[in-house]
Amino acid sequence: MHMADTLISPVVGGVMWAATAGAAAYSMKKMKDEFDDRKVPLMGVMGAFIFAAQMINFSIPGTGSSGHLGGGMILAILLGPFAGFLTIASVLVVQALFFADGGLLALGANIFNLGFFPCFVAFPLIFRSIAGRGLVGGGPGAVQQDAGAHGSPGRSVKALVPASILASIVGLQLGAFGVVVETISSGISNLPFSKFLLLMQPIHLAIGVVEGFVTAGIVSYVYRAKPDILEGSIVRGGPAASALSGDRPRPAARPAMRKVLLVLGALAVVTGVVFSWFASTHPDGLEWSVFRVTGSEEVARPGSGIHAFASRLQERMSFLPDYGFKKAAEPVNRWPAVDAGSSVSGLVGGAFTLCLAGIAGFFLLKKRGFAKGRSRRAEGRAGKTPRWES
Amino acid sequence: MGKLDSSIREIRELENLARETSFVHRLDPRVKVIATFAFIAAVVSFDRYEIAALVPYLFFPIFVAGAGGLPLSAVVKRLLVLSPFVVLVGIFNPLYDRTVLLRIGGLAITGGWVSFAAILVRYVLTVSAALLLIASTGFYTLCGGIERLGVPKVFVVQLLLLYRYIFVLTDEASRMARARAQRSFRRGPMEIRVFVPFAGALLLRTVERAQRIYQAMLARGFDGTMKAGAFGGVAPRAGSSGDEAGDYGAARANLGRSIRFSDALFLGVWVSLFALFRFVNLPAMLGDLLLRAAG
């Protein structure tokens, strides 16, 4: 569900870039405050792990289709929200550059959808409030707890499973919702808000369930083999964290707070479901309100000023004064209102320019064919064998 | 597993292209990043029904590919794998927007088809610009460039480490997947109950590897930053070198280097052209001229 450059408007892309940059800056600050540079190599390698794991398909039982891991939730669980967010961001950067997954302008939106929601919403509100309780007491740094919880990994693993599943579902639902809102407010798709929502949310509910089971499986596998990896991140003030941050005792109010957050999380899910239902029965009202809220008609066209400037510019330098947007008063929606004559001239001119571009490309590339040193690339490849010893 | 190997092959292919030494390759990475972003912003800022005015933007990828000695096939090959999400979202436009914009003979062209075509044209332009950026720069040099543009060092270090270990871990995953495939009779993807311990085992190996790496880094004096030349161990060289590993070091070492004339020229000319294409619909004027000439 990567957003693409071609579906996003510059304003939406810019806003999401700003939001992502803010979240990243905050994460970096938090990591610095918590003196977490221990995690630096772990982040790099874990990002690479997710990158590799995403490439392996598994079959989804009962459907005949196959899927792959998303991995945002695993990163949040194993690295904590801040390092997890930065790691997801870095994976998305590499994918945007090498596989053109998404694109550069939409990168901010993609990092936000796939990183912010799992790390800063689903992880602290859902995962931690469910799984954290089962794991408290698993280390010397934790506050004294009833001995029952201590040393019974069976119970902890049981808490991990529903926590991972619910958190994955919520994270993906919010991410999909983000995609819908960003696409609609970009104003490039004609898909009505409610229809798009009904398309995206159920699909991502299914994906979220599968993702949740896989996440739960991997996390409990890791927990059974090496419980110390998880305790540092799930239990706030757990052994790893408290060793570094100077034994900060956990505030007494935490359990109550957790309950509140859990209820809030559940409410959010219920609201989402009701909201979707509402969307299907009252599409018009909802559409209207969303268009009002996001102001998409205005937002999608940052250029009314630009258009005005352009038409002035054009009047000044125009050698065909009667073409195109001669009326600066109505800069918006030129096409539908435009007469066939200038559409045809656009068609002809566009085709002609395309030919010119093709000819230019042909000559440039032909020149390259003659000029290219034949061995440069081969020689580069031979000399490449990197040293991967670690 | 096939996907693992092919994705690594794709990365290596782009990385190999980045080691040419053309005019475009020698440009400052900052200039290329800014020009690419300006290009994408200009392209996506058009009205959703605009196609003709987008065509002149093709000159930028063609110029970069041509002057950079990069085969267009490398880009076209990747363009053909159309993003399913883009098609999924775009294909609804013809269904919902049925305003007839133009009639050619008996054929009515609706707004939905025009905007769908515009989405595809913008897709071609934005994706090829992004791919050519990496193919003409290389990841390490690009990281040096964005760090100089102000991206925090912590994040750049994260990108460098991630990139470094992508090759290691995809290799490891690929080995494991091959071993599993050789021992199973059924073709096709593994079941979830196989995948979970598979990924879990890979993850445990990953974590152990990270611990070894961290010990090794500490032993070599790691303090949270990458030193110039850390990726290659050789003295940094000026400009884009043929040695991928030294590029980040070289780019970092050039921290104080100012923009050269050719960098400024490249950026200035192209950004002005983007602005010109944005505000003046050259193809429409051209078409008008041609139509008049034709009578």
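Chains are lettered from A and ligands numbered from 1 in the order in which they are written, and residues are numbered from 1 along each chain as its sequence is written. Because this is a predicted model, local features need pLDDT of at least 70 and side-chain atom pairs count only at pLDDT 80 or more, while totals for chains, interfaces and linings use all residues.

**Chain A and its confidence**

Chain A has 16 helices and two strands. Helices (H or I, at least four residues) and strands (E, at least two) are DSSP runs, numbered from the N terminus. Of the 390 residues of chain A, 47% count as buried. Buried means 20 or more other C-beta atoms within 10 Å of the residue's own; exposed means 12 or fewer, and partly exposed lies in between, with C-beta atoms placed from the backbone.

Confidence is given as pLDDT, the predictor's score for each residue from 0 to 100. The mean for chain A is 68. In chain A, 56% of residues reach 70 or more. Among the elements of chain A, helix α4 (residues 81–98) has the highest mean pLDDT, 92. Helix α9 (residues 239–245) of chain A has the lowest, 35. Residues 235–257 of chain A stay under 50, and the model has 35 contacts for them beyond four places in sequence. Residues 273–307 of chain A are also below 50; this stretch has 41 contacts in the model beyond near neighbours in sequence.

A contact means that the C-beta atoms of two residues, placed from the backbone, lie within 7 Å. Take the contacts in chain A between residues at least 6 apart in sequence: 76% of them join residues at least 24 apart.

**Where the chains meet**

In the model, 100 residues of chain A are in contact with 107 residues of chain B. Helix α15 (residues 340–371) of chain A gives the largest share of the chain A side, 18 residues. That side divides into 61 nonpolar, 29 polar and ten charged residues. Here Ala, Val, Leu, Ile, Met, Phe, Trp, Tyr, Cys and Pro count as nonpolar, Asp, Glu, Lys and Arg as charged, and the others, Gly among them, as polar.

The largest nonpolar core has 176 residues. Such a core is a set of buried Ala, Val, Leu, Ile, Met, Phe, Trp, Tyr and Cys residues joined through C-beta atoms within 7 Å. The residues with the most contacts inside it are A:Ala48, A:Phe49, A:Phe85 and B:Ile134. Beyond four places in sequence, B:Ile134 touches A:Leu97, A:Phe98, B:Leu14, B:Ala18, B:Phe139 and B:Leu142.

**Strands**

Three strands form an open sheet with mixed pairing, in the order β2(A)-β1(A)-β3(B). Its edge strands are β2 (66–67) of chain A and β3 of chain B; each pairs on one side only. Strands pair if DSSP finds at least two bridges between them. The pairs, with one partner couple for each, are tabulated here.

| Strands | Bridges and sense | Partner residues |
|---|---|---|
| β1(A), β3(B) | two, parallel | A:Phe58 and B:Met190 |
| β1(A), β2(A) | two, antiparallel | A:Ser59 and A:Ser66 |

The hairpin of β1(B) and β2(B) has two residues between the strands. In that hairpin, B:Gly105 takes a positive phi near 60°.

Helix α4 (residues 59–67) of chain B is largely enclosed by the rest of the structure, because seven of its nine residues are buried. Among them are B:Phe60, B:Ile62 and B:Phe63. B:Gly69 follows α4(B) and has a positive phi near 65°.

Helix α3 (residues 29–44) of chain B has 16 residues and should span 22 Å at 1.5 Å a residue. The expected span is 1.5 Å times one less than the number of residues. Its end C-alpha atoms are 23 Å apart, which agrees. The buried residues of α3(B) include B:Arg30, B:Lys32 and B:Phe39.

A:Ser220 is in helix α7 (residues 193–225) of chain A. A:Ser220 is buried, with 21 other C-beta atoms within 10 Å. Its C-alpha atom is separated by 42 Å from that of A:Val11, 209 residues apart along the chain.

B:Gly138 is in the loop between α8 (111–137) and α9 (139–148) of chain B. B:Gly138 is buried too, with 25 other C-beta atoms within 10 Å. B:Gly138 and B:Lys77 are 61 residues apart in sequence and 19 Å apart in space, C-alpha to C-alpha.
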